[in-house]
Amino acid sequence: MTAITNVRVFDGAGLTEPRTVFVDGGRLSGEATGGPVLDGTGQVLLPGLIDAHVHLHGRENLEQFARYGVTTALDMATTSAALLAGLRNQPGLTDIRSAGVPAIGPGGMHARMPGMPAEAVITDPARAADFVAARTAAGSDYLKIVLEAPGGGGPELPVARALTEAAHAAGLLVVAHAASTGAYTMALDAGVDVVTHAPLGPPIADGDLTRAKIVVPTLTMMKGIATATGRPQLYAGAATSVTMLHRAGVAVLAGTDANAAPGVPFSVAHGASLHDELELLVAAGLSTVEALRAATVLPAKHFGLTDRGAIRPGLRADLLLLDGDPVADIRATRAISRVWCAGVEL
């Protein structure tokens, strides 16, 4: 048992008055039973952060996430089952969920990525049920579909619909990559649950704003691509889309597209980038509290992670202790003092 005393706690709506939080093994407790006491006077305690869009390459990624207070990472496509098995349930490190092998079309960037298995390419709606069954058997936590604009090389709408229906029948959430406005429309037409990325260039069409339910805009990646390709002005459209989606009441989650894969248009640092993402979300119109919710309670809620995302007895002791006030200034999330992953201090 560890007691963190005199610490202000982010409760999803703001910061509480100074209080005591008890860590008992890997869980939070409501009462003390003896043990070390840590004085948190002048500090702020956050639930461990959740990055809702990453790509995993090795154990070093878990170490990078944990170092920056990202205690849960939602992987959005890793094709090696052996790699994923080796990264799950690592004591004292970031906890992961994964889509495993994504569903892609025959063309586009993802079809050319090294190591992408042939089974990922789905062009026939009749194959959808078998593909989803294979993902379930492999332990995927949700389904990832990589969509392009119609005719752009991704799965076309009938395939996207069949995959979505099969996934829902299997009890899986469906996440769609949609980096263009045409792909966004297709994702919503297909009935997916979560759309990831905010398109560069023109903002999302007004008619699609009210149809979206959950988005992970990955502004860090989109800004990086715009800058790396010498077209920084295109980022304005992505930021505007987030502003409009947020105003429309869509749930905006914090995700970065952290990756170190060959052939991607921009490599995003694991861990550190989530703090960049929070700043970009605030710049796009979210309040600091809303940005913190986007990296804690909201991804926990929408991805069914009922044991985390908040600080209350019974939940996992995923914690981030700060030497600053992120409600006053979102940049304070970088002032990391201590991190606990399921009760194990980094």
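## A buried ring

Is Phe303 buried or exposed, judging by its relative accessible area? In this predicted model, Phe303 has a relative accessible area of 12%, and because the cut-off for a buried residue is under 20%, Phe303 counts as buried. Tyr142 is buried as well, with a relative accessible area of 3%.

## The aromatic pair

A pair of aromatic rings is described by the distance of the centres and the angle of the planes. The count of such pairs here comes to one. In that pair, the ring centres of Tyr142 and Phe303 are 5.4 Å apart and the planes meet at 70°, so the arrangement is edge-to-face, for which the angle has to be over 60 degrees. Tyr142 belongs to the loop between α3 and β9, while Phe303 belongs to the loop between α11 (297-302) and β14 (319-322), so the pair ties together parts that lie 161 residues apart in sequence.

## Charges over rings

## Helix α4

Helix α4 covers residues 157-169, and because 13 residues at 1.5 Å a residue should span 18 Å, the distance of 18 Å between its end C-alpha atoms agrees with expectation. Gly171, which follows α4, has a positive phi, near 80°.

The buried residues of α4 are Val159, Ala160, Ala162, Leu163, Thr164, Ala166 and Ala167. What covers these buried residues includes the helices α3 (128-137) and α5 (181-190), together with the strands β9 (143-147) and β10 (174-178).

Terms used
Residues numbered from 1 in each chain as written. Predicted model: local features only at pLDDT ≥ 70, side-chain atom pairs only at ≥ 80, totals over all residues. Heavy atoms only, no water. Helix = DSSP H or I, 4+ residues; strand = E, 2+ residues; numbered from the N terminus. Expected span 1.5 Å × (residues − 1). Buried < 20%, exposed > 50% of the residue type's maximum accessible area, 1.4 Å probe, protein only. Contact = heavy atoms within 4.5 Å. Phe/Tyr/Trp six-rings, centres within 6.5 Å; stacked < 30°, edge-to-face > 60°.
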